[in-house]
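Reader: Hi! Could you walk me through the model I'm about to open?
Author: Happy to, let's look at it together.
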Amino acid sequence: MGTVTGTVLSGSNNVFDIECDEEGADASSGPHIRSCTLKSKRLNTDSKYYNPLAPGDRVEVETDELDEQKGQILSLLPRKNKFVRWNVKGRSPQILAANIDNMLLVTTPDEPPFRARFIDRELAQAERQGITPIILVNKYDLPASQDVDFQERLSIWQDIGYRVLRVSAKTGEGMTELASLLQNKLSAFVGQSGVGKSSLVNVLDSACVLRTGSLSQKYGRGTHTTTKGSLLHIHLNESLVDGLSNVYASIIDTPGVRRFVLHDIESNDLALYFREMRPLIGTCTYGMSCTHMSETGCKILEAVYAGAISEDRYDSWKRIAEEIRTGSWSD
């Protein structure tokens, strides 16, 4: 019996697949993956979370002397970051991914319908967690991608400093740029059901076949085909990386969500996580007491009237702040 460190690949019901770091392992047979349970019911400070561990977490494992395919998780190693949402059903925060280099917020111009406020919530949560996200627009081949309002919203995000990638898993548009961003990194794909996260992975690595689902005809929403988060190591398609072989990427494919509910953000603090508003907080006539709704001398309202802050983003901020206050979240 000994101890090793490892990375959480996936897990549920307190059983986790751990990719263990072990010297002398046979590289030709791939990494040593153990099915592990928690040695104690609580891990460090993470008892408040819906899930004690998430894909990407680093842990210490006690090996099983009778079964080399099993072990027990002793402790959680410090995280460099984590991306969290509030799990309404579980009534607790849920960690979607940990220790990531890139977080890609996947959306579409249509099929399912484009939801700008859904992305704004994700952006605010990423700012709260100190993670710089990338907006990944899949299905860019659809006619709706040329809609003026849709393009204007993408431009607004770009103008305030967010990177926007436009891709199509169907036509291959933008996939070379995406592969370049992902190579030799750990990246998480986050988004609502039906935006094509699994389809993107299937194109990036033609040998990796993830189940994909059709949209619900009644509501135009995606069906849940990824039921739990999984960390995948993929061999990037040579056609996407200048013909190079053995170029790898690690991707956390998270379950699709229909409602993204913010965690650990109060309505009065929300403007801190809208990056175009943050520099103006505290400069209003009423200082930190300003609600940014109607006060004379509000610098945020002045910026909206002057066009320095878009009306769409300001309206989104107001709506999300109201959702936080009332606890009533839209789809």
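Reader: How many salt bridges does the count come to?
Author: The count comes to 16 salt bridges, each being a side-chain nitrogen of Lys or Arg within 4 Å of a carboxyl oxygen of Asp or Glu. This is a predicted model, where local features need pLDDT of at least 70, side-chain atom pairs count only at pLDDT 80 or more, and totals for chains, interfaces and linings use all residues. Residues are numbered from 1 along each chain as its sequence is written, and side-chain values use heavy atoms, leaving out hydrogens and water.

Reader: Are Arg-121 and Glu-323 buried or exposed?
Author: Both are buried, with buried meaning under 20% relative accessible area, exposed over 50% and partly exposed in between (1.4 Å probe, protein chains only).

Reader: And which residues are linked in a network?
Author: Asp-120, Arg-153, Glu-276 and Arg-313 are linked by salt bridges. Within that group, Asp-120 and Arg-153 pair at 2.6 Å, N to O, and both are buried.

Reader: Switching topic: at what angle do H3 and H4 pack?
Author: At about 85 degrees, with the axes of H3 (residues 175-182) and H4 (residues 197-204) 11 Å apart. That makes them roughly perpendicular, a label for angles of 65 to 115 degrees.

Notes:
Axes fitted to C-alpha atoms, helices over the stretch in contact; angles between N-to-C directions. Helix = DSSP H or I, 4+ residues; strand = E, 2+ residues; numbered from the N terminus. Parallel < 35°, antiparallel > 145°, perpendicular 65-115°, else oblique.
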